[in-house]
Amino acid sequence: LSLGVPMAEAALAPTASRRDDTSPMIIMRDVNKWYGEFHVLRDINLKVDNGERIVICGPSGSGKSTLIRCINRLEEHQQGDIIVDGVELTSDVRNIDKIRTEVGMVFQSFNLFPHLTVLDNLCIAPQWVRKVPRADAERVAMEYLERVKIPDQALKYPGQLSGGQQQRVAIARALCMSPRIMLFDEPTSALDPEMIKEVLDVMIELAGTGMTMLCVTHEMGFARSVADRVIFMDAGEIVEQGPPEEFFSNPKSDRTKLFLSQILDH
């Protein structure tokens, strides 16, 4: 994204249209990571195409969140290569900063600034990172608040909103940076059951725009309806992956079968 492009136009353009390159958006080659003695990622090999929607599932502690956090260098891998949108993630701070401006992330906890209004939460990164004028940043922020169906909450503070509303604000905030890739780390796990659907509805609508998405979640209905590919991880490894219809109806690994039998209602 060129900083010379008006923010309102750039942010609202379909993501796929800004990148004609047919090479993978994300490449992970033989990626390994340890926390001390704990081998959390084991020889991860993964390619994600531009516009592909991937759901990553697996038991707690399987390395799912660590994998996606490595994509924007919130976690540092010790071995292997990670290339995001043509840029290799190394210890080079300039490359890390470049990738972080192109990769949006939504966490389990909403991570909103409690002392700022919803509108200010959305405007702060475009203003400071992309040097977007305040008026342009506000215009784009309001368009995204419309998109996540809470424009009337713009002048409230996060503490005045429900959990579902706060998570929708977090999604809108990430979108305001006009990212090429969106990462979701169990975005509904901290929500009450009645709030989960409203957040998933926003994510389903977002998936329809052609944006590259990786989502760590146990919401298998979301995986069935949205994912191009479902990846199952266990013990730091990618055990199995495939299209949703194949993954759910004909899992090949015993570990996948056991996981699905525990998580699915039928």
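Good morning. Contact, in what follows, means heavy atoms within 4.5 Å. The structure under discussion is a predicted model.

I begin with Met-182. Leaving aside its neighbours within four places in sequence, Met-182 is in contact with Gly-104, Val-106, Ile-171, Ala-174, Leu-175, Leu-206, Met-211, Thr-212, Met-213 and Leu-214. Met-182 also belongs to the largest nonpolar core, which comprises 52 residues. Which members of that core touch the most other members? They are Ile-171, Met-182 and Phe-184. The element that gives the most to this core is helix α7, spanning residues 193-207, with eight residues. Another core, of 30 residues, lies apart from it; Val-48, Leu-67, Leu-183 and Leu-214 are among its members.

I turn now to the aromatic rings. A pair of such rings is described by the distance of the centres and the angle of the planes. How many aromatic pairs does a search of the whole structure find? The search finds two.

One of them joins Phe-232 and Phe-259, with 5.1 Å from centre to centre and 40 degrees between the planes, a tilted arrangement. Phe-232 lies in strand β9 (residues 229-234) and Phe-259 in helix α10 (residues 254-263), so this pair ties together parts that are 27 residues apart in sequence. Both partners are shielded from solvent by the accessibility criterion: Phe-232 is buried at a relative accessible area of 1%, and Phe-259 is buried at 7%.

In the pair of Phe-247 and Phe-248, the ring centres are 5.2 Å apart and the planes stand at 90 degrees, so the geometry is edge-to-face. Phe-247 and Phe-248 are both buried.

Finally, the cysteines. How many disulfides does the model contain? The count comes to zero. Cys-123 is in no disulfide, and the nearest cysteine sulfur, that of Cys-176, is 6.8 Å away. The cut-off matters here, because a disulfide requires two cysteine sulfur atoms within 2.5 Å.

Thank you for your attention.

Notes:
Residues are numbered from 1 along each chain as its sequence is written. This is a predicted model: local features need pLDDT of at least 70, side-chain atom pairs count only at pLDDT 80 or more; totals for chains, interfaces and linings use all residues. Side-chain values use heavy atoms; hydrogens and water are left out. A nonpolar core is a set of buried Ala, Val, Leu, Ile, Met, Phe, Trp, Tyr and Cys residues joined through side-chain atoms within 4.5 Å. Buried means under 20% relative accessible area, exposed over 50%, partly exposed in between (1.4 Å probe, protein chains only). Helices (H or I, at least four residues) and strands (E, at least two) are DSSP runs, numbered from the N terminus. Rings of Phe, Tyr and Trp (its six-membered ring) pair if their centres lie within 6.5 Å; planes under 30 degrees apart count as stacked, over 60 as edge-to-face and the rest as tilted.
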